[in-house]
Amino acid sequence: MIELKNLERSYKAGHMETWVLRRINLTINAGEFVTVMGPSGAGKSSLMNVLAMLDDQWRGEFTFDGAAVETMNRKQRAELARRRIGMVFQSYHLLDDLTVAENIDLPLSYKNISKPERQALVADTLDRFNIVGKKDLYPSQLSGGQQQLVGIARAMIHRPSLLLADEPTGNLQSAQAKEIMEMFRQLNEEGATIVQVTHSEANAQYGTRIIELRDGWIYADSAQADAIGREVRS
Amino acid sequence: MVSSIVQDLRYALRQLRRSPGFALTAVLTLALGIGATTAMYRVVQGVLLAPLPYPAQDRLVGVAFTFPQEKPNDEQAGTSASFLKEHSRSFTSVGISEDGIAGVNLSMGGGHSFQIGSIKVGRSYFPTLGLQPMLGRNFTAEEGLPNGPKAVLLSYGLWKRQFNGDVGVVNRVVRINEEPYTVVGVMPPSLADTGQSAPGVAATVGVWQPLQLDAKDPGYGGDNYKMVARLREGVSVAQAQQELSSLNKPFYQEFPNYLKWTGRGKALHEFRTWPLQQVVVSDVRTSLLTMLAAVLAVLLVACLNLAVLMTARTWRRAREMAVRSALGASRANLLRLMLCESLVLALAGGGLGLLLSRLAVPLLLSTAPIAIPPMPENEWLPAVFALLMACVTTLIFGLLPGWGVLRRNTGPMLQGGGQAGVTAHQAKMGDRLMVLQVAVAVVLLSAASLLLGSFLKLRSVASGVQANRLAIAQVTLKGDAYAGTLHTNQFIEKVMENLNRSPGVARVAAVNGLPLDRGLNMGGGPVHSEQPQGAVEIRAITPGYFRTLGISILSGRYLTADDNAGTVPVAFVSETAAQHWWPGRSAIGEEVWAGEKVPRRVIGVVADTHSRSLAQAPRATIYEPFAQISDSLMKTINGWFPTTFAIRLSGDMDMAAVVQRAVSNADPEIPVAKLTTMQSVIDRSVAAPRFFSYLAGGFAAFALLLTMIGLFGLMSYQVTQRTREIGVRLAVGADRRQILLLILRRGLLLTTLGVALGSLASLAVPRLVGSVLADVVFTGGGGIERHLSSSVAALAWAAIGMLVAAVLAGYLPARRAASVEPTQALRTE
C-alpha cells in the first residue's frame, strides 16, 4: 500500500540544515497495524506528516497504492489524502464551536456530498462509535477519552483505507487509552491500515509491527527482524 | 512602587516598539478621532459657550419682531423698534442697528478710495453693550439727525491697518462715498467687527455710522434693523418676554398693516427676546452642533476600532498574562501593566490629536462658508479636553476588553489546551464590536451620500444664466452724488462705453441685483388684479442685459435705448411672474406696479433666474430700465445694493486692469468693490451645501478607513487565533480556497450584520439631517420626505462601500490563513 524509498526530510535554519528523516526505506502493506516508536526528536511526527501528505518538502520516492506521490502536485496530493487518509491527533483537535455531530461531519463538508447523504453517514458513524447520545454536545462537555473517540470517528467517517494516529492516547488515562486502542484494533480487523505513533509499549502491543526511529533513521523494524528470523530459521 | 511603574512603562514601550503596526494604527486612530473632536470642541467652546466680550453680558438680550417658530434673532422693523423703545419698561437701554454690513467707499486723503464694510448704529447702541470708544467719543444726538454733522467711528482693525494706529486720528476728516466725514472715535478691539453682509456671508465692519430711525426712510417699515437691550436690574429674560408679549396687541392696534405679515398657518409676528449670546450664535449653532455630532460619531467609530484592536492584542497576550499570573503577579499588577500600555497610547494619541486640532481649527474656520463669529483663544481647556478624552476612550474602549483576560482561568492557557480555534467568548467580543463599528460607519456613510446627493442635485439646477466667460464687476454708488437717476445713469453709461471699447469684451450690461446676489424685494404685482400685492423682486437693468447674461426672452421685444425717461414706463416680467399673474394668457401689454407710483407696461417675458439661491424656486421678478427709475427708488437701491457690470468676454482674459480703468475714468473716487466671475457667484451660492457634503464625505471616508483597519485587525487576530483550527481543517480535507472563503465569509458576515443594523438606524437619517441642516439640504422643493427614496440609494451605496471594504480588509488575513502549513499549525501541540 505504501512504499517509501530513500525518503529524506530536512529543515533549514540559517546556514544549518537539520535532518529529521534520513534515507527512509519502508513498505507498509494493506491491513497492517504499524506502530512507530522512538525518543523525542527521532522523526516520528515528521514521518506521519509525510504519510498524511500534509508535508510536501521531502525528497525521495513515495508510492501510495501504486501512485507516485512525488510526481503529484499539491492539489493532487491533497485530493488523494482527502479520499484515502484519516488522521487522529494527540490533542484531538476538535473545533470548540462545533457540536460532536458537526465535528464528525467536518471532513464530509469539504467533499462534494449532498446534505442528506452526509447526515446519513454522520448518523451511521455516531452509531458505530456508540456516541449518538453525545451528538449535540460541545467538545468542552466531553471527557478526554470521549473527545478522542469523536476524533477517531471524524477520521473514519469517510472510510479511509489508511488511518494515521499521532500519540492518540497521549493525553488519556490508562482506562480510556485501553478503550481507544481496542477501537483501533477493531478498525484494523475491519480492514483499515493503521499507522500509530506512541511511546507506550502497551499500546504498541495492539499493532502487528513496530518500527523504531532514532535521529531520523529507521533503527529497527519488527517486520524485517521477523524476516531475518525466518531466514535464519530456514 | 515608582520603580515598578517605570519598569511597566518601559516594558509597555518595548512591547509597542515590537508591534509597530499595532502601535501606529492605535495612535493614529486615537489622534485622528481625538484631533477632529478637539477641533470641533475648540470651535463649539469658543463660539457657543464663551461669554460675549461685553460688561455684564448676561444682562444683554436680543429683541425681535419675528414669527413664533423662528430661532433666536434680533430682527426688527423700524416701526416695531420705535414702538418698543417707547413702550417697553424691562430695559435700561435699547440699541438699534442696521441688519447687515453694507459696502462704502472710503478715501482718506482724497483720490484713491477702497471699499470697506459699514454699519449704522443708534446713539445708544454702544452704551447698551457697555462699550465706550477707546479713543474719542460716541455719536452725539445731533449727529444722528438726518441732516446732522457727518461722523464715523472706526473699528480697531481699520484704525490699525489704514491709520497705522495713529492716536491723532480723532477729528480727522475722511471721505466716505465722496462726502466728508469726521472721525469721532475708535472702538476697542473687544468689539466684534465681523458680521454678515447677507444671510450667511461674513463681512468685516470698518466704520460705524450714526443711525436715526425715521419713518420717511424707505426701509423703515421692513425688517431691516436689529435690536439689543440691557435688562433692568431684577428683571429676568422671562419677565421681559412676558412684558413684550403684552405689547403685541397694542402694537397691532396701532399698526394694523402688519396683520398682513403672516407666515405659515396665518401666524403673526410677535415680540420675542432671547439672551444676546444665543442670538449671536443662533445662525451657526445648529451647524456647529451637527458637525460636533458627526465628529462624535467618527470618534465612536475610532473608539470601537481601538477596542477591536485592543481586544485582539489582549487576547493574543493571554498566555503572557497567564505566565505572569502563575509567577505570582496579582490582578492589580497585570492591570497596571495593561494600564501603562494604554497610558502610553493615550498620551501619544491625545498629544498628536491636540496638535492636529490646532491645525484643523484655522482650516475649518477659513473653509467653512458659515459665518462663524470670532472666538476667543483658550489653550488649556482644549488640551485638558483632548487628554481627558484620550485617557477615557483608551481606558473604556482599550482596557475593558482586556478585563476578560484577567478574569480567565489561566491553567488551560499554560498547558496549551486541547482546543483548536477561537473560544466563543473571544469571538463574540470582537465580533460585536466590529458589527457596531460597521453600523456606525454605515450611518455616517448614508448621511454623507445623502448630503452629497443633495449637493449634486443642487449643482444640477440651472441658474438661468450662461456663466461661461461672464465677468462680474461690482461698484457701490452711495451718497448724495448717486442719490438720483441722471448721475447714476451717466456713470453706468460711461463705464459701459469704456468697457465696450476694450479688446476681448463682446457685450456689457449693468444690473442692480445680480442673480444669486442681493437685490430689491418689495410689494408689487399686476395693476388689474383682485389678488393682494405680494413681494416681488425688482431689478434695474440696461439694454442688452438679457443678451449679455444669456437669459432668453420668451415673448415680447428687447429693451432699447429708446426706452428712456421720456417714454412710457416699461417692464419685463419673469416667466414665474407671468404664469402666476396672468395664467393662460399673454403678459404683453399688461401693467404692473413695481415699487413706484406709476404703473409699467409689460413689453416682454423672460426666462426665470434664481434671485437668491439655487435651492429656492425662482421668484416673481420685474425688470425695469435704469433710465426710467425715479430718483427716490434709485437712491434706495443705490443705498442698499451694489451696481453690477456683467461683461461677456470673447476669450479668457484678465479683466482687473480694464475694469479698474473703465470705472476710474467714469469716477475716480469709485473703487471696484468686487471683480469675479459669474461661475464664482454660482459656486459661492452652493458653498454651504458643498462644505457640509464634503465634510460629511470626509468623515464617512475616515470612518470607512477605520472600519477597514478594524476589520483587518480583527481578521488578522482571528486568523492567528485560529491557526490550529485552520490546520485541523486542512488536515481533515479542506483545500486552501475553502479556507480563504471561510475567513472572507466571516468578515463579510460581520459586515452584513453591521450594514443591516446601520441601515435600520439610517432610516432616521433623512429626517434627522433635514431637521438640523434644513438650510443646507436641497430637497428640490418636495420636503425631506422625498429623500426617503434617495436614501435607499444612499444606503445601497453605503452597503456596497462597506462590503467592498470588508473584502479588501479581509483578503490579506484570509490569504495568510489559506497559506497556513498544517504541519506547522498542528505542531503547536
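In chain B, strand β19 (residues 534–541) and strand β24 (residues 621–625) pair in the parallel sense over five bridges; strands here are DSSP runs (E, at least two residues), numbered from the N terminus, and two strands pair if DSSP finds at least two bridges between them. This is a predicted model, in which local features need pLDDT of at least 70 and side-chain atom pairs count only at pLDDT 80 or more, while totals for chains, interfaces and linings use all residues. Residues are numbered from 1 along each chain as its sequence is written, chains are lettered from A and ligands numbered from 1 in the order in which they are written, and side-chain values use heavy atoms, with hydrogens and water left out.

Let me stay with β24(B). The bridge partner of B:A540 in this strand is B:E624. Strand β21 (residues 570–574) of chain B runs antiparallel to β24(B), joined to it by two bridges, and B:F572 has B:Y623 as its bridge partner.

How many of the five residues of β24(B) are buried? Five of the five are, so the strand is largely enclosed by the rest of the structure; buried means under 20% relative accessible area, with a 1.4 Å probe and protein chains only. In a regular strand, side chains alternate between the two faces of the sheet. Here B:T621, B:Y623 and B:P625 cover one side, and B:I622 and B:E624 the other.

I turn now to the helices, which are DSSP runs of H or I with at least four residues. The axes of α13 (residues 485–501) and α17 (residues 656–666) of chain B come within 8 Å and cross at roughly 140 degrees. That makes α13(B) oblique to α17(B), since angles under 35 degrees count as roughly parallel, over 145 as roughly antiparallel, 65 to 115 as roughly perpendicular and the rest as oblique. Axes are lines fitted to C-alpha atoms, for helices over the stretch in contact, with angles from 0 to 180 degrees between N-to-C directions.

Finally, B:R10 lies in helix α1 (residues 2–18) of chain B. B:R10 is exposed (over 50%), with a relative accessible area of 52%. The C-alpha atoms of B:R10 and B:C340 are separated by 8.9 Å, although these residues are 330 residues apart along the chain.
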